[in-house]
Amino acid sequence: MAQMNLLHAINNALVIAMTENERAVCFGEDVGHFGGVFRATSGLQEKFGKLRCFNTPLVEQGVIGFANGLAAQGSVPIAEIQFADYIFPAFDQIVNESAKFRYRSGNEFDVGNLTIRTPYGGGIAGGLYHSQSPEAYFAHTPGLKVVVPRNPYQAKGLLLASIRDKNPVIFFEPKRLYRASVGEVPTEDYQLPLGKAEVVTPGSDITLLAWGAQMEIIEKAAEMAATDGISCEIIDLRTILPWDIETVVNSVTKTGRLVVSQEAPLTAGFASEIAATIQKECFLHLESPIARICGMDTPYPLSLEKEYVADHLKVYEAIKHSINY
Amino acid sequence: MNTDVYKESPVVHQPAFIDGHSVEIPILKVLQQDGNVYDGAELPVIDQESATKIYKTLAFHRALDERMVASQRQGRLSFYMTALGEEAASVGGAAGLKPQDMIMAQYREQGALMYRGFSLENFMNQMFSNEKDLGKGRQMPIHYGSRELNYMTISSPLATQIPQATGYAYGQKLQGLDAVTICYFGEGAASEGDFHAGLNMAAVHRAPVIFFCRNNGYAISTPADEQYAGNGIASRGVGYGIKTIRIDGNDILAVLKATQDARTYALAENKPVLIEAMSYRLGAHSTSDDPSGYRTREEEAKWQAHDPILRMKNWMLANKWWDEEQETTLFDKLREEILAAVKVAEIIDKPPVEDLITDVYDEPPTLLKAQLEELKLHIKKYPEAYPFTAGRIK
């Protein structure tokens, strides 16, 4: 065990992955000698050489196109997109290529070795182009896996699982927590399962569901609710696609109430998908409408960030409203 | 850090704009239309056996294209794309490589796959999207692919294969393989961002990839002079710092020579090469297209006189490696075999309904399995509405 922040945990996972498999390659803008703008790939070029850890030209569609080709060839590309806000030039390569490679070829070829790492999310005064949470765009694409860790321990175990998974994975890293989230992390190799949610705190009155950095928010809201005598069951979804319906259904069947919270805007966010599925599966168990506490349907603001975000107070109000419905 | 390019520039004190067309790009021609080789032309490595294989592949290509367009017109096939008039680019390119080299094509390069030995049955099964199709009946006709033959499955979105080819070749280099990647695309696709991304990254990261542009004059209806204003696609290679050559794409010997040399260079230097093959799309873009809406018969006739297959035949005849009797026998046999193969493939069953959910992931997730079960129940309820699958559901 060692104290690590989320960046250290990711760096540690990358070192393990590149050590165990000489075909693992890390690249992206500023990823080489500099170690990435957040320093997640720090020291990798020194350790593994310039052929296996390098800067790419500034072209996201090229980074992912290159990664798709490398993965199809049998290498293990771990590509970084510097900010999730800048992933859109690569949207075609991800949605039309990575996601469909195996299916369209009848399994003659696949890019299952591909992992795309990208920092996402707000709370860093990053304004509209350094704060977005675009997971729902990718969740609408069969063939991809979408993973979001909430802390250093989760980040290392889920990233190693993502790199070794035989499907293309987009790994969204909560950049607000890169240095803010610190915890005990095993120094040895371990994996956490993809496609499995985790019940972080058991409870009986209401289910709170989130992922990534939003987990802190719902945990804080649950603490407030506890002082009112409300017992919250807290679930980290961890994998957005394919998502763990069973764990959420079991919880809501028990509690009868659900609040889903996400950083991304409300309309057509992944919380909407969860709400639709849970109302179908748990219809006769529900005591109140499922609440979605999300970002507003605007671009991510700058000076009014505090007002815009789905903070713990908005989640707390939703909990009370659900209980008193 | 390399900023030497500035130090090497001659310094001037009056503005010296460089003309956008100042780079002169010669065009390699080896074989004349009458079958004679140009004086002093350097020949590729070729003998009677390899020449015959190339010529038979070209003949197969022509015969298949003719038959499949006819089948589409008869309503037996949904869609087809010929490579009429530019078959030398794909067949000659594949012939200049080794079997272990990866081919990443756009969609009009079935000739390369033919050269590699993809069977007539495999072509048919793909086009009729039946249960024997390697691609499991998931893509429109002509989207072939074969791992065994190192021919990457075709993807409809244009130019996406270009940066992928760079990555693929980079992987080959990392493994130290005796293998390169060839990447085909048209002059239209070269306007896509992926073209820039792929070429630039290949040059910067030294990937052994051969970029092969078939400049056939048209992107569906858009002529090349409405596609770009520069000196073709070749001039861009120079800008990326890539070794570049322009060739007569209807000249099989020029294609073969350029590809053979490009392979040697790419492998020895770990660097990319750009080949721009000048040709003409004699056929329609696809069976859904009608070129009479955007070009003249006169223009087409002019290019019919540059037929690459006839040119090679003339050379074969001049070498006494081929004769008219062999020609007739070959084409009669091909037409017969192809027609027979159509009749077989078109009545083979569609893929089973279970194939709807396989290969989306390595293993179908729980939700997808549930969706399939739900669908099966629905099909059983209305079997007459789903005749291909209803009778086969367990």
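Author: Domain bounds, as used here, come from an automatic or database domain assignment. For chain B, the part to be looked at first, that assignment gives domain 1 (21–289 + 296–345) and domain 2 (353–392), and the C-alpha centres of these two domains lie 38 Å apart.

What is shown is a predicted model, in which local features need pLDDT of at least 70 and side-chain atom pairs count only at pLDDT 80 or more, whereas totals for chains, interfaces and linings use all residues. Residues are numbered from 1 along each chain as its sequence is written, while chains are lettered from A, and ligands numbered from 1, in the order in which they are written.

The secondary structure of chain B comes to 13 helices and eight strands, where helices (H or I, at least four residues) and strands (E, at least two) are DSSP runs numbered from the N terminus. The radius of gyration, which is taken over C-alpha atoms, is 23 Å for chain B, close to the 21 Å that the globule rule gives for 394 residues, so chain B is as compact as a globular protein of that length; the rule itself is 2.2 Å times the number of residues to the power 0.38. Along the principal axes, the C-alpha atoms of chain B fill a box of roughly 85 × 60 × 45 Å. A residue is called buried if 20 or more other C-beta atoms, placed from the backbone, lie within 10 Å of its own, exposed if 12 or fewer do, and partly exposed in between; by this count 46% of the 394 residues of chain B are buried.

Helix 2 (residues 48–73) of chain B has 26 residues and reaches 37 Å from its first C-alpha to its last, close to the expected 38 Å, the expected span being 1.5 Å times one less than the number of residues. Just after this helix, Gly75(B) takes a positive phi of about 85°. Helix 9 (residues 252–269) of chain B, with 18 residues, reaches 26 Å, close to the 26 Å expected, and its buried residues include Ile252(B), Leu256(B), Thr259(B) and Arg263(B). An α-helix has 3.6 residues a turn, so residues three or four places apart point the same way. Helix 9 of chain B is followed by Asn270(B), whose phi is positive, near 50°.

Most residues other than glycine have a negative phi, and most peptide bonds are trans. Ser129(B), which is not a glycine, has a positive phi of about 35°; its place is in the loop between helix 5 (120–127) and helix 6 of chain B, and with 22 C-beta neighbours inside 10 Å it counts as buried.

The side of chain B that meets its partner comes next. Here 37 residues of chain B are in contact with 36 residues of chain A, two residues being in contact if their C-beta atoms, placed from the backbone, lie within 7 Å. Helix 6 (161–175) and helix 7 (193–204) of chain B each supply at least two residues of this side, and the largest share, ten residues, comes from helix 6 of chain B. By class, the residues of this side divide into 15 nonpolar, 15 polar and seven charged, where Ala, Val, Leu, Ile, Met, Phe, Trp, Tyr, Cys and Pro count as nonpolar, Asp, Glu, Lys and Arg as charged, and the others, Gly among them, as polar.

The domain assignment of chain A gives domain 1 (2–185) and domain 2 (198–323), with C-alpha centres 26 Å apart; the contact takes 25 residues from domain 1 and 21 residues from domain 2 of chain A. In chain A, a cis peptide bond joins Leu241(A) and Pro242(A), with omega about -10°, and Pro242(A) is found in the loop between strand 12 (239–241) and helix 9 (245–255) of chain A. Ala125(A), although not a glycine, has a positive phi of about 55°, and with 10 other C-beta atoms within 10 Å it is exposed.
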